[in-house]
Amino acid sequence: MISSGNKILTNYDITLIFSPNLEKVEVKDIVSNFISYLKYWSNDCTSVNYIGRRTLAYPIKKYSIGVFVNLKISASPNVIVRLQETFRQEEGIVRSQIIKL
């Protein structure tokens with residue numbers, strides 16, 4: 001945990017799986033929107049790892065291939081709840097996983 005002013009920030013590892021129909025530029029735009037959203041709420045994104053296209057172990061929403069992106073962030077828990085809702089609403093994201101470190 002990191003203390004930032006009055007906020008206590010917790011480290012999270014986020015893995016996003018995007019639709020294989022999206023271009024690399026579109027994926028980067030969506031991820032940069034999430035990062036700007038985090039910074040707007042005074043949180044921090046420590047690393048972004050574009051893993052790329054990978055075959056899924058099992059089909060998700062009829063896709064057998066996905067584009068993987070891994071984010072490491074420091075954020076307050078209320079921002080994580082907002083992010084989860086945003087991930088659900090984003091059409092390009094097939095699956096998301098948030099792990100508290």
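Here is a quick look at how the inside of this predicted model is packed.

## Ground rules

Because this is a predicted model, local features need pLDDT of at least 70 and side-chain atom pairs count only at pLDDT 80 or more, while totals for chains, interfaces and linings use all residues. Residues are numbered from 1 along each chain as its sequence is written, and side-chain values use heavy atoms, with hydrogens and water left out.

## The cores

Start with the largest nonpolar core, which has 22 residues. H1 gives the largest share, six residues.

Leu16, Phe18, Ile73 and Leu83 have the most contacts inside this core. Beyond its neighbours within four places in sequence, Phe18 is in contact (heavy atoms within 4.5 Å) with residues including Val27, Ile30, Val69 and Ile93.

## How H1 meets H2

H1 and H2 pack at an angle of about 155°, their axes 11 Å apart. Axes are lines fitted to C-alpha atoms over the stretch in contact, and angles run from 0 to 180 degrees between N-to-C directions. The two helices are therefore roughly antiparallel (over 145 degrees).

From H1, Phe34, Tyr37 and Leu38 meet Val79, Arg82, Leu83, Thr86 and Phe87 of H2.

How values were computed: Core = buried A, V, L, I, M, F, W, Y, C linked by side-chain atoms within 4.5 Å. Buried < 20%, exposed > 50% of the residue type's maximum accessible area, 1.4 Å probe, protein only. Helix = DSSP H or I, 4+ residues; strand = E, 2+ residues; numbered from the N terminus. Parallel < 35°, antiparallel > 145°, perpendicular 65-115°, else oblique.
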